[in-house]
Every structure is written in structure tokens, then in C-alpha cells.
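I'd like to walk you through one model today, so let me put it up on the screen.

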Amino acid sequence: MSAWIGAKLLFYFTYPSDAPMDFVKELSFWMGGGFVFYGGFLGGLFFVGLFKAFDKKFNWNLLWPIVPALAIGHGIGRIGCLLAGCCFGKPTDWFWGIYLHEHYRHPTQLIEALGLLAIGIYLLKSKSPRFKLVSVYLVSYGVLRLVVEALRGDIVRGLWGPLTPSQWISLLLISAGIFIFIHKNKQLKPLN
């Protein structure tokens, strides 16, 4: 539920302020499209952090199975984006263009889907420590999303300065992944 609320709230808050907001009053908005992955991700993290604050025995390692499942499920969801015609790319004359919305466009949904599936499979098969794999997920998805956002043509959420809201969040994810990797590595090194 927290991910659903977060996904809707981020969509709402990143929607251009000069655009009509009548859709917010419609049940179809709340029950249908208009989800933003990063909003759901942040909403879920917020709930887990809140839960941790109330349950001191909570162990973050219990969440590990969610990480590869999140990547794979998100990848499958991006195939749904392709079928629904959302999250589409900018017009292109590259060989990989797919015909959508009266133009050949970068297949951003497929690029992200394949990238996420590759990340998820790597996370499932890797024998690395979990903290490293969480770092791999945060950094690799952040980089993937930075690239995909540069190719996207549906800029309904607008720009915050030179970047889209999702690119700013991607930079935060990359930073968090690097921080976790460095911080946990320092904890594991023996003291001299």
C-alpha cells in the first residue's frame, strides 16, 4: 500500500504545474495508470524505515529476496509499459526504432526491461555478499535509468533544472549504492 501511495504521490508532485490536474478527481487515476516506479520504491522504503523504527528486532537481511524480485518484476512491468504505449522514447531513425505514437521511437521500455531482467538474474546467481548486491542493484539501476531517461520522449513529468525528476532520483540511488558499498567494506576490514 505504501508503494502504491508513493507511486501516485510522486506522479502528482512531478506533474507540470501549468497542466490541468482534473484527472486527480477521477477514480480511474487512483485505480489505473499514472504510477511512477521511483515513487513506489521510495514509498516502500519509507514504510520499511518506519517499521524498523517501531520494531527494533527487524533485520534488513529479511528483505534480501525482494531485491532480485523487484528488478525482475519491474522489468516485466516495463514490457507492460510497451504494450500500454506509455514511457515511450523520443523519435529516432536508428535501426532499433519501434513505431509508436505516429513515429519510430527509441524502445526505452524494452531497453529498461532487458536491463532490469539482466540485473535481476545477476543478483539471483551471484555469490557476493548481500550488501554488495544491494549496491550493485542501486548503482546499476540508477545508471540504467539515467540513460533511459535521456532517451525518453514522454516528458510529462517535466524537468527539474537540467534533469528529469527520475534522473535526480537515479543520482541519489547511485550515491546510496556507492555509500553502502564503501561503508560496509570498511566495517568488514580487520583493524590493524
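So, how much space lies in the largest pocket? About 930 Å³. Keep in mind that this is a predicted model, and everything I say comes from computing on it.

Let's stay with that pocket for a minute. Its lining takes in 28 residues, and the ones nearest the centre are Leu45, Trp60, Leu63, Val67 and Val134. Which elements give two or more residues to the lining? Those are helix 1 (2–14), helix 3 (37–54), helix 4 (66–84), helix 6 and helix 7 (165–188).

Let me zoom out. The protein chain has seven helices and two strands. Reading from the N terminus, the order is α-α-α-α-β-β-α-α-α. There are 192 residues, and 38% of them count as buried. If you take contacts with a separation of 6 or more, 64% of them are between residues 24 or more positions apart.

Now the core. The largest nonpolar core holds 19 residues, and the members that touch the most others are Ile119, Leu123, Tyr137, Tyr141, Leu144 and Leu173. Helices 3, 4, 5, 6 and 7 each give two or more residues to this core. The largest share is seven residues, and it comes from helix 6. Pick out Leu173 on the screen: leaving aside neighbours within four places in sequence, Leu173 is in contact with Tyr38, Phe41, Leu138 and Tyr141.

Helix 6 keeps coming up, so here it is. Helix 6 covers residues 130–151, and at 1.5 Å a residue its 22 residues should span 32 Å; the end C-alpha atoms are 31 Å apart, which agrees. Its buried residues include Phe131, Tyr137, Leu138, Tyr141, Leu144 and Val148, and also Arg145 and Glu149. One to click on is Ser135, which sits in helix 6. Is Ser135 buried or exposed? Ser135 counts as buried, because its relative accessibility is 3%. Leaving out neighbours within four places in sequence, Ser135 is in contact with Gly177, Ile180 and Phe181.

On to helix 5, residues 108–125.

His74 is in helix 4, and at 9% relative accessibility His74 counts as buried. Not counting residues up to four places away in sequence, His74 touches Phe37, Glu112, Leu116 and Tyr141. You've met Tyr141 already, as a residue of that largest nonpolar core.

Last stop, a tryptophan. Where is Trp96 found? In the loop between helix 4 and strand 1. Trp96 has 28% relative accessibility, so it counts as partly exposed. Apart from residues up to four places away in sequence, Trp96 touches Arg105, His106, Pro107, Ile111 and Leu151. Trp96 and Pro107 are 11 residues apart in sequence, with their C-alpha atoms 7.1 Å apart in space.

How values were computed
Residues are numbered from 1 along each chain as its sequence is written. This is a predicted model: local features need pLDDT of at least 70, side-chain atom pairs count only at pLDDT 80 or more; totals for chains, interfaces and linings use all residues. Side-chain values use heavy atoms; hydrogens and water are left out. Helices (H or I, at least four residues) and strands (E, at least two) are DSSP runs, numbered from the N terminus. The expected span of a helix is 1.5 Å times one less than its number of residues. Buried means under 20% relative accessible area, exposed over 50%, partly exposed in between (1.4 Å probe, protein chains only). On a 1 Å grid over the protein atoms alone, a cavity is a set of points where a 1.4 Å probe fits but cannot get out, and a pocket is an open set with protein on both sides within 12 Å along at least five of seven lines; lining residues have an atom within 4 Å of a point. Grid points are joined across faces, edges and corners, and a volume is the space filled by probe spheres set on the points. A nonpolar core is a set of buried Ala, Val, Leu, Ile, Met, Phe, Trp, Tyr and Cys residues joined through side-chain atoms within 4.5 Å. Contact means heavy atoms within 4.5 Å.
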